[in-house]
Amino acid sequence: MVSGRPWGPEVARDYDESSAFVSTPEVLGPTVEFLARRAAGGAALELAVGTGRVALPLSARGVPVAGVELSEHMAARLREKPGAEAVPVTIGDVASATAPGCGGFRLVYLVFNTITNLLTQDEQVACFRNAARHLEPGGVFVVEVFVPPLQRLPPGETTIAFHVGEHHVGVDTVDVLHQRLVSHHYRVRDGAGSLFRSPHRWVWPSELDLMARLAGMEPAGRWADWDESPFTAASTSHVSAWRLPGR
């Protein structure tokens, strides 16, 4: 499996609940608005469409949306939701799968840090090339991803807590040498505890720009968030776009 995250039935079952903080109107509203503008009346393809958190409201906005998803379990959750019949899903890896309509999408996008689930630089480059292959001339590829959290890491330390809540504690362990981190999610559900680990290969904004260049795309903007606020040295994540040359 190319992806570093084994999205099995238990993870798919709990995914919507665990990601509820990015499913609020305050988060989804600017996300969908940003993507709808970049689709510019054309079709959109979401790589790693998951349970449809973004694809379904974008489709409801009138944008034709298709998806690629590695996990059949996640795709099954999407299919249970209203509006899912309008979002066809291709089961496959974001670095290599071919969706119907390949070469005709105005927008391809990859959100919520998913580029880091590809655990080698070669796989991440392949994902950029696959995105470019699906775009029409002039189309845009958009990625949302965290900035490597090294400024928060004291010398000699390898652990960063990224969320502490009543039912969830999240801790990252960082391998600076190999550009890797593992997110440890400790959850309490119905009185029982569980642990889920997800590995990531973090990637610098400049490295993403080079991947896009290797895929034949050029920079089209970088922002701190979906509201297009400026990206600065203090930003903890970014939304970046690259354009395939053409009309």
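Which backbone nitrogen lies 2.8 Å from a polar atom of the side chain of D93? The backbone nitrogen of A95 does.

## About the model

This is a predicted model, in which local features need pLDDT of at least 70, side-chain atom pairs count only at pLDDT 80 or more, and totals for chains, interfaces and linings use all residues. Residues are numbered from 1 along each chain as its sequence is written, and side-chain values use heavy atoms, with hydrogens and water left out.

## The loop around D93

D93 sits in the loop between β3 (89–91) and β4 (105–110). Helices (H or I, at least four residues) and strands (E, at least two) are DSSP runs, numbered from the N terminus. D93 is buried but has no salt bridge. Buried means under 20% relative accessible area, exposed over 50%, partly exposed in between (1.4 Å probe, protein chains only). A salt bridge is a side-chain nitrogen of Lys or Arg within 4 Å of a carboxyl oxygen of Asp or Glu. The nearest side chain of opposite charge to D93 is R133, 10 Å away.

A97 lies in the loop between β3 and β4 too. A97 is buried, at a relative accessible area of 11%. Leaving out residues up to four places away in sequence, A97 touches V68, G92, N130, R133 and H134. Contact means heavy atoms within 4.5 Å.

## N130 in helix α5

N130 belongs to helix α5. Its relative accessible area is 3%, so N130 is buried. Beyond residues up to four places away in sequence, N130 touches D93, V94, A95, S96 and A97.

## Helix α6

Helix α6 spans residues 205–214, and its buried residues are P205, E207, L208, M211 and A212. They lie on the same side of α6, because they cover an arc of only 155° around the axis. The arc is taken from the directions from the helix axis to the C-beta atoms. The face turned away from that buried side carries the exposed residues S206 and R213.

The cover over the buried residues of α6 includes α5 (121–134), β5 (135–146) and β9 (192–201). Just after α6, G216 takes a positive phi of about 85°.

## Nonpolar cores

The largest nonpolar core has 36 residues. Such a core is a set of buried Ala, Val, Leu, Ile, Met, Phe, Trp, Tyr and Cys residues joined through side-chain atoms within 4.5 Å. L47, I115, F128, F141 and M217 touch the most other members. Elements supplying at least two residues each include β1 (44–47), α5 and α6. A second, separate core of 26 residues includes A44, V54, Y109 and V239.

Definitions and conventions: Lys, Arg positive; Asp, Glu negative; His and termini not counted. Polar contact = N/O pair within 3.5 Å; in protein donor to acceptor, adjacent residues only side chain to side chain.
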